[in-house]
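Grab a pencil and have a look at the model below. Let's work through a few exercises on charged side chains, one step at a time.

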Amino acid sequence: MAQWSGGGALARNKRALDAPPAPEKKRRTRVETLTRDNYNIGWVSALPIQLAASVALLDDRHEPLPKLDGDSNAYFYGTIGGHNVVMAHLPNDLPGSGSAANVAANMCRSFKNLRFLLLVEIGGGIPRTGHDIRLGDVVVGRMMIQHELGKEDSGDGPEDTGVPYMPPRDIKTTLSAVKVRAEMGQNPLPRLLDELEERGLVSNEYFDRKRLEDHLFKEDYDHPDETQECDKCDIAQRVQRIPRQSVNLQIHYGMIASGSQVIKNPKVRDDIGRRHQALCVETEATGLIHNFPFLAICGICTYADSHKNERWQKYAAMTAASYGIEFLRNCQPVKN
Ligand SMILES: [Zn+2]
């Protein structure tokens, strides 16, 4: 498991001693216009706030291209690590798997040469899976499962019928490269987060992690009042966990469980975790599984329980987007 620190003054100061600062990146807008056939990576963000962090980290921004008739996506274009990347997000008022499938289908119809899609999203972490998952961490879907697929059998309870999805070899090879670089201490993710913060590429709200509390409550302690924030919840009901160094976030590789329902029940969450050895739950990827070659990258913003709120969304969106950038910088480009 890779441990990456980022977004903190302590980490920045240490890195300033360890290595020279990154040269200021001069992003430019291309003058010549590419065609849709020149784009070979599709990037789908569940939320506009995720796309904002992603677009901010592009090496180059490209001019927009005319769209195909009937394509309702709004695209952003640019370069990451030598790849021509086209980005889109789900409509604000239409989250979920159907919307994700529609955005992916439009993208693949308009851009014929896409090698694969990156689905960059947020989701709910499943604790007690053997992984110490905290808010702000990233889960990378080395495997995916549609956890709602099943059938009743002869009285022994529902039988899972979902078939696990594994990303294509192209993606798995790059995942290995990212992990190798992390093990060698050459991981630039902290610098990506710092770059976003120090250059003001996204608003300061994305870096509120230092002011956010990360409470995992016991399974049997429900959030008492939906109109109140968790400030009013009883911290004596928290699960006791070994504190992490405050600036560290971790990347977890494993199973992501996808379904159409937002999970807000810790018993359901833990049942999904046990049945599928899943590290997190989300609601978009089920529209892509077995339909498109893709990798899901999920920033953890809740524990999929009744204490779910939106406080961690922006930080988790940013860490997931930063991992996507790092992934593409480790992916060998192909000639267009
Ligand atoms: Zn609460």
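**Exercise 1.** Work out whether D271 is buried, partly exposed or exposed, and find its salt-bridge partner.

*Solution.* Step 1: D271 has a relative accessible area of 30%. Step 2: buried means under 20%, exposed over 50%, and partly exposed in between (1.4 Å probe, protein chains only), so D271 is partly exposed. Step 3: its partner is R275, at 2.8 Å from N to O. Step 5: both sit in helix α6 (residues 266-276), four residues apart, about one turn of the helix. Helices (H or I, at least four residues) and strands (E, at least two) are DSSP runs, numbered from the N terminus.

A quick note: this is a predicted model, where local features need pLDDT of at least 70 and side-chain atom pairs count only at pLDDT 80 or more, while totals for chains, interfaces and linings use all residues. Residues are numbered from 1 along each chain as its sequence is written, and side-chain values use heavy atoms, leaving out hydrogens and water.

**Exercise 2.** Which parts does the salt bridge between R244 and D132 tie together?

*Solution.* Step 1: the two side chains meet at 3.6 Å, N to O. Step 2: R244 lies in the loop between α5 (189-198) and β11 (248-258), and D132 in the loop between β7 (116-125) and β8 (138-146), so the pair links parts 112 residues apart in sequence. Step 3: R244 is buried at 18%, whereas D132 is partly exposed at 31%.

Note on methods
Salt bridge = Lys/Arg side-chain N within 4 Å of Asp/Glu carboxyl O.
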